[in-house]
Protein chains: 2
Amino acid sequence: MAIQALIFDVFGTLLDWHGGVAREAARLLGPLRPDLDGGAFARAWRDRYQPGMEPIRQGARDFADLDTLHAESLEEVLAAEGLGSVAPETKRELVLAWHRLDAWPDVAEGLGRLKPRVLLAPCSNAHIRLAIAHARRNGLPWDAILGAELARDYKPKPAVYLRAVEALRLAPGEVMMVAAHSSDLAAAAACGLATAHIARPDEKGPGTGETAPSVPVDIAARDIGDLARQLGC
Amino acid sequence: MAIQALIFDVFGTLLDWHGGVAREAARLLGPLRPDLDGGAFARAWRDRYQPGMEPIRQGARDFADLDTLHAESLEEVLAAEGLGSVAPETKRELVLAWHRLDAWPDVAEGLGRLKPRVLLAPCSNAHIRLAIAHARRNGLPWDAILGAELARDYKPKPAVYLRAVEALRLAPGEVMMVAAHSSDLAAAAACGLATAHIARPDEKGPGTGETAPSVPVDIAARDIGDLARQLGC
């Protein structure tokens with residue numbers, strides 16, 4: 001069955017969340033804490049990402065978007081750093097750090113090669129407005145914004161992948177999930193989607209990311225350009 | 001309050017549904033009915049558009065997309081023409097006529113002028129895949145696909161406009177609904193949105209469309225380029 005659409009994980013797979021949040025944290029908190037380790041701050045914040053979504057996945061909490069979850073977990077990270085008294089406007093700017101992420105260098109050209117041949121959409125836990133910010137900043141040529149907000153649930157819940165497939169009016173096997181995280185691909189494969197792994201060995205600093213998938217995938221690629229090449233684009 | 005996003009009606013406002021469906025009907029049914037009036041066929045089909053959505057608006061039927069509703073109403077139109085025995089594959093191609101509509105000549109350039117200044121999205125009764133087909137064919141530079149499928153309801157129900165505004169994380173007054181139909185704008189205005197009317201005097205043949213709004217609007221424009229000019233873009 002020919003692949004007719006690619007749907008993408010975004011944080012880590014297409015965008016350097018670690019570098020972007022570290023940069024913004026250093027910029028916004030540097031005046032208060034000149035010795036702040038922006039990377040450590042970004043990692044500590046991201047560590048609270050999965051636990052924040054879990055009550056929503058379990059149905060114990062209504063859907064709340066990542067701006068909301070990031071604002072909540074930011075309080076904990078700031079308190080742990082002894083920065084609990086940061087001004088509200090600084091906190092709002094810090095949440096917007098997640099809107100100001102830069103793509104890895106291979107992304108724009110790789111997506112541009114794929115665009116004439118297949119439909120392209122994010123299937124991320126980012127909400128629609130956040131995905132728009134990512135796309136505008138980095139020229140991501142999406143056909144639609146799919147993902148968590150459309151399903152009102154968070155990956156790796158099957159509803160998120162299946163609602164994206166439904167929106168494209170394709171069969172699951174005609175859609176390929178692209179991610180740098182094996183757990184994301186395993187969940188997509190369980191829904192019947194094809195899968196492609198992207199190596200992001202430096203996702204949160206040198207040597208911290210997946211260099212290869214730990215689960216069976218249809219394609220393992222070095223980057224988005226390599227994915228395009230392997231798909232014949 | 002400054003306008004930060006424009007959301008658009010599509011059928012009639014941006015796309016020439018009458019000409020496109022007439023063209024496809026003549027192409028697909030001409031071999032069976034050489035004297036077919038494609039325009040009359042398109043108008044007869046479109047006349048069944050509002051009644052088809054009504055049970056969904058009223059909650060008597062679960063959300064079904066326009067491909068489904070068009071396929072259902074097509075049976076009635078073909079039967080009325082004495083063409084009930086048309087092959088299933090021809091019927092499927094006829095439904096796809098609504099995917100193959102061309103934009104009015106002012107649309108691509110006008111949207112291109114607006115894009116650097118405001119967010120742009122359709123807020124149409126078209127489902128996501130249909131909106132993608134429209135965008136790909138005509139180069140519509142959408143930031144996201146909003147509208148009926150996101151709300152799982154049909155305009156002019158308030159949920160469709162309000163869900164679009166929510167997805168953009170804006171206040172209703174920061175979003176302008178753009179349409180060639182006064183009834184659409186009246187419904188959006190009742191939800192607190194700003195409104196812009198586009199004159200499409202030839203929507204379904206010469207002299208058949210609205211030349212001016214019949215309700216109060218914030219902007220009345222000749223076409224999308226004129227709208228851009230009036231917004232200072």
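Predicted model: local features only at pLDDT ≥ 70, side-chain atom pairs only at ≥ 80, totals over all residues.
Colleague: Let's start with a strand. Is β4(A) largely enclosed or open?

Modeller: Count its buried residues. Strand β4 of chain A covers residues 175-179. Five of the five are buried, so the strand is largely enclosed by the rest of the structure.

Colleague: Which way do the side chains of β4(A) point?

Modeller: The general idea comes first. In a regular strand, side chains alternate between the two faces of the sheet. Now the case here. Val175(A), Met177(A) and Ala179(A) point one way. Met176(A) and Val178(A) point the other way. Residues on both sides are buried.

Colleague: Which strands are joined to β4(A) by bridges?

Modeller: One is β1(A), residues 5-8, joined to β4(A) by four bridges. These two strands run parallel. Leu6(A) has Met176(A) as its bridge partner in β4(A). Another is β5(A), residues 194-198. Four bridges join β5(A) to β4(A), and this pair is parallel too. Here Val178(A) is partnered by Ala196(A).

Colleague: How does the chain cross from β4(A) to β5(A)?

Modeller: Follow the path between the strands. The chain goes through helix α10(A), residues 182-190. That makes a β-α-β crossover, and its hand is right-handed.

Colleague: Next, the core. Which residues of the largest nonpolar core touch the most other members?

Modeller: The largest nonpolar core has 166 residues. Phe8, Leu114 and Leu227 touch the most other members, in chain A and in chain B.

Colleague: Take Phe8(B). What does it touch?

Modeller: Leave out residues up to four places away in sequence. Among the remaining contacts of Phe8(B) are Leu14(B), Leu111(B), Leu114(B), Trp142(B), Met177(B), Val178(B) and Ile224(B). Pro122(B) and Ser124(B) are also touched.

Colleague: Which residues line the largest cavity?

Modeller: Look at the residues around the space, then at their helices. The lining includes Trp45(A), Arg46(A), Tyr49(A), His70(A) and Trp98(A). Helices α2(A), α3(A) and α4(A) each supply at least two lining residues. Helix α4(A) gives the most, with three.

Colleague: One last residue. Why does Gln50(B) count as partly exposed?

Modeller: Partly exposed sits between under 20% for buried and over 50% for exposed. Gln50(B) has 42% relative accessibility, so it counts as partly exposed. Gln50(B) lies in helix α3(B), residues 49-57.

Terms used. Residues numbered from 1 in each chain as written. Chains lettered and ligands numbered in written order. Heavy atoms only, no water. Buried < 20%, exposed > 50% of the residue type's maximum accessible area, 1.4 Å probe, protein only. Pairing = 2+ DSSP bridges. Right-handed = clockwise from strand over helix to strand, strands pointing away. Core = buried A, V, L, I, M, F, W, Y, C linked by side-chain atoms within 4.5 Å. Contact = heavy atoms within 4.5 Å. 1 Å grid on protein atoms, 1.4 Å probe; cavity = no way out; pocket = protein on both sides within 12 Å on 5 of 7 lines; lining within 4 Å.
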